[in-house]
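The sequence and the structure come first, and a description of selected parts follows.

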Amino acid sequence: MSFKTKLCATSAALALLAGTTAMADEITVAYFLEWPMPFQYGKAMGLYEEELGVDINWVSFDTGTAMSAAMASGDVQIAVSQGLPPFVVAVSAGQALQVVDVAVSYSENDNCVVATNLEIDKTTTADLVGKKVAVPIGTAAHYGFLSQMNHFGVDISQMEIVDMAPPEGAVALSQGNVDMACGYGGGLRRMMEHGNVLLTGAEKEDLGILVFDVTSTPVDFAAEEGALLSQFLKVTADMNAMWNSGEHTDEMLPLIAKDAGMEPAAAEASLATFTFPSVSDQLGDKWLGGGVQSFMSGVAQVFADAGSIPQVLDSYEASVDASHLAAVAE
């Protein structure tokens with residue numbers, strides 16, 4: 001059976017499991033440029049449109065907070081690789097969103113960079129007091145910044161924090177307009193040309209500072225278009241499996257890089273720092289089986305302590321729905 005035939009058979013089965021067919025004629029899906037992922041091979045090949053049977057308007061965003069706003073306005077139905085922190089900020093404020101899968105884990109591809117000329121490292125972080133920092137507020141990078149400053153005992157009220165998307169933060173750091181910048185993807189790579197990190201990805205993980213993105217969607221869309229959503233997640237899972245096998249790199253990498261707006265070598269370097277959990281792993285306790293929900297409470301508390309959100313929800317269980325991904329595994 002060919003790969004395409006398997007996809008078609010699975011799509012039909014998912015529709016039958018849901019007891020309905022997709023009602024939407026077109027959906028809009030949010031994603032990031034300079035953030036190469038296996039799903040972009042399926043995007044470039046038109047597999048999503050073919051298997052879902054709807055037109056897809058793919059729209060790139062700079063931050064996960066912008067993705068939340070677009071979902072709140074009804075302009076976006078699915079956000080691929082939205083950072084968990086901006087998701088937490090949105091649901092803590094009352095926005096009806098749900099996590100439906102874990103898109104990617106990437107501790108090495110999200111960090112804060114201190115200007116080289118300051119000569120500040122993890123042993124001299126007290127020197128960060130009074131410094132100007134570019135941070136994309138409400139994002140994974142913001143959470144990482146707050147967590148690192150908490151770890152080092154740096155009072156952020158004694159720092160000047162400027163809200164900047166990673167590309168702008170990288171420019172500001174290169175021009176000496178900020179002393180430190182936080183970001184991810186292409187922005188982080190450009191920041192690294194002008195400074196150093198305080199902690200490596202492995203060191204952050206040892207401290208419990210996890211960095212991962214999710215696929216999110218408005219609750220209403222998930223309820224109304226459950227079969228379509230499961231089909232979308234199935235194609236994504238198949239693309240991840242193809243990449244993870246290591247047998248399709250030469251075929252997939254050029255298309256992924258082009259779709260991400262990157263050179264193949266740069267895309268390959270980024271992908272080497274990414275982990276794409278399998279469906280079975282995602283459904284386990286570490287991720288959607290309880291780990292994500294618990295981690296969201298911790299993220300929310302960090303933001304609340306910093307005054308970035310007004311409250312922490314009693315529970316984030318309702319903010320995760322693994323049923324659509326579970327349908328993929330059946």
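## Two paired strands

This is a predicted model. In it, strand β1, residues 26–32, pairs with strand β3, residues 78–83, in the parallel sense. Two bridges hold this pairing. One point of reference along it is Ala 30, whose bridge partner in β3 is Ala 79.

Strand β3 also pairs with β10, here in the antiparallel sense and over three bridges. In this pairing Gln 82 is found opposite Val 214 of β10. Is β3 mostly covered, or mostly uncovered? It is mostly covered, since six of the six residues in β3 are buried.

## The sheet as a whole

These strands belong to an open sheet of five strands, and the order across the sheet is β2-β1-β3-β10-β4. The pairing within the sheet is mixed. At the edges are β2, residues 55–61, and β4, residues 97–105, each of which pairs on one side only. On average, neighbouring strands of the sheet are turned by 25° against each other, with direction ignored.

## Two domains

The chain is divided into two domains. Domain 1 takes in two stretches, 26–106 and 212–329, while domain 2 consists of 110–207. Taken over C-alpha atoms, the centres of domain 1 and domain 2 are 25 Å apart. Domain 1 contributes 17 residues to the contact between them, and domain 2 contributes 18 residues.

## The interface between the domains

The size of an interface is often given as the accessible area lost when the parts come together. For domain 1 and domain 2 the buried area is about 1,400 Å². Carbon and sulfur atoms account for 65% of that area.

Two salt bridges are found across the interface of domain 1 and domain 2. Glu 34 also takes part in a salt bridge, with Arg 190. The closest N and O atoms of Arg 190 and Glu 34 are 3.1 Å apart.

Definitions and conventions:
Residues are numbered from 1 along each chain as its sequence is written. This is a predicted model: local features need pLDDT of at least 70, side-chain atom pairs count only at pLDDT 80 or more; totals for chains, interfaces and linings use all residues. Side-chain values use heavy atoms; hydrogens and water are left out. Two strands pair if DSSP finds at least two bridges between them. Helices (H or I, at least four residues) and strands (E, at least two) are DSSP runs, numbered from the N terminus. Axes are lines fitted to C-alpha atoms, for helices over the stretch in contact, and angles run from 0 to 180 degrees between N-to-C directions. Buried means under 20% relative accessible area, exposed over 50%, partly exposed in between (1.4 Å probe, protein chains only). Domain bounds come from an automatic or database domain assignment. Contact means heavy atoms within 4.5 Å. Buried area is the accessible area (1.4 Å probe) that two parts lose on being put together, summed over both. A salt bridge is a side-chain nitrogen of Lys or Arg within 4 Å of a carboxyl oxygen of Asp or Glu.
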